[in-house]
Amino acid sequence: MVSWIISRLVVLVFGTLYPAYYSYKAVKSKDIKEYVKWMMYWIIFALFTTAETFTDIFLCWFPFYYELKIAFVAWLLSPYTKGSSLLYRKFVHPTLSSKEKEIDDCLVQAKDRSYDALVHFGKRGLNVAATAAVMAASKGQGALSERLRSFSMQDLTTIRGESSSSSTVSPPPPAPSVSARTSSKQSHPKTSKSASESIGRSGTA
């Protein structure tokens, strides 16, 4: 664990930050020699980082593995060994020069295929999104119609309940007929006449 931490710090500080600063100085001073030197280093360091991703998984159990990584980074940076320049000129440059056309063709094909795949998946994504939107809209419309239908049925049942309750109320009493009114009027003079006769009889007595 300690070896891993030390190796990561060495690779970060001396393998990344230190060369990055001197690359900045080379670009600023426009020194072609220094510029080429650090460009070769960055190419080797990129290959080292790629290989490190796999070796950290399969070779981390190897004795002194992290110590060897620290020594390798120091060998790449040392102005005495010039490890990065040596590896680039002896191995990387001849290999890339012989395979350059094939690599360019593969990159162009990969770019075209990735573009076609991106367009294809983009169309599929748009179709899926459009279908989901239409389904959501249809479901929302169906829910709204069901809601309105439930409201209308509820209103109908309310109206039916009110009409049935109004039909059960007893009707008002009928108005008296004309004959009843006339008979009552005729009975009033008879009663008054009989009352006057009784009063006269009592006075004569």
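This is a predicted model: local features need pLDDT of at least 70, side-chain atom pairs count only at pLDDT 80 or more; totals for chains, interfaces and linings use all residues.
Biologist: How do you know that the span of helix 1 agrees with its number of residues?

Modeller: Helix 1 covers residues 2-29, and at 1.5 Å a residue its 28 residues should span 40 Å; the end C-alpha atoms are 39 Å apart, which agrees with that expectation. Helix 1 is followed by Lys30, whose phi is positive, near 55°.

Biologist: What makes Glu52 count as buried or exposed?

Modeller: Buried means under 20% relative accessible area, and Glu52, at 6% relative accessibility, therefore counts as buried. Glu52 is found in helix 2, and its side chain makes a polar contact of 2.7 Å with the side chain of Arg8. Leaving aside residues up to four places away in sequence, Glu52 touches Arg8, Tyr65 and Lys69.

Biologist: Why are helix 1 and helix 2 called roughly antiparallel to each other?

Modeller: The two helices pack at an angle of about 155°, with their axes 10 Å apart; angles over 145 degrees count as roughly antiparallel, and helix 1 and helix 2 are therefore described in that way. The contact is made by residues including Arg8, Phe14, Tyr18 and Tyr22 of helix 1 and Tyr35, Trp38, Trp42 and Glu52 of helix 2. In this pairing, helix 1 passes helix 2 in a left-handed crossing.

Biologist: Which residues of helix 1 are buried, and what covers them?

Modeller: The buried residues of helix 1 are Ser7, Val10, Val11, Gly15, Pro19, Ser23 and Ala26, and what covers them includes helix 2 (32-58) and helix 3 (65-77).

Key
Residues are numbered from 1 along each chain as its sequence is written. Side-chain values use heavy atoms; hydrogens and water are left out. Helices (H or I, at least four residues) and strands (E, at least two) are DSSP runs, numbered from the N terminus. The expected span of a helix is 1.5 Å times one less than its number of residues. Buried means under 20% relative accessible area, exposed over 50%, partly exposed in between (1.4 Å probe, protein chains only). Contact means heavy atoms within 4.5 Å. A polar contact is a pair of N or O atoms within 3.5 Å; within protein, one must be able to donate a hydrogen and the other to accept it, and residues adjacent in sequence count only if both atoms are side-chain atoms. Axes are lines fitted to C-alpha atoms, for helices over the stretch in contact, and angles run from 0 to 180 degrees between N-to-C directions. Angles under 35 degrees count as roughly parallel, over 145 as roughly antiparallel, 65 to 115 as roughly perpendicular and the rest as oblique. A crossing is left-handed if the near helix is turned anticlockwise from the far one by less than a right angle, and right-handed if clockwise.
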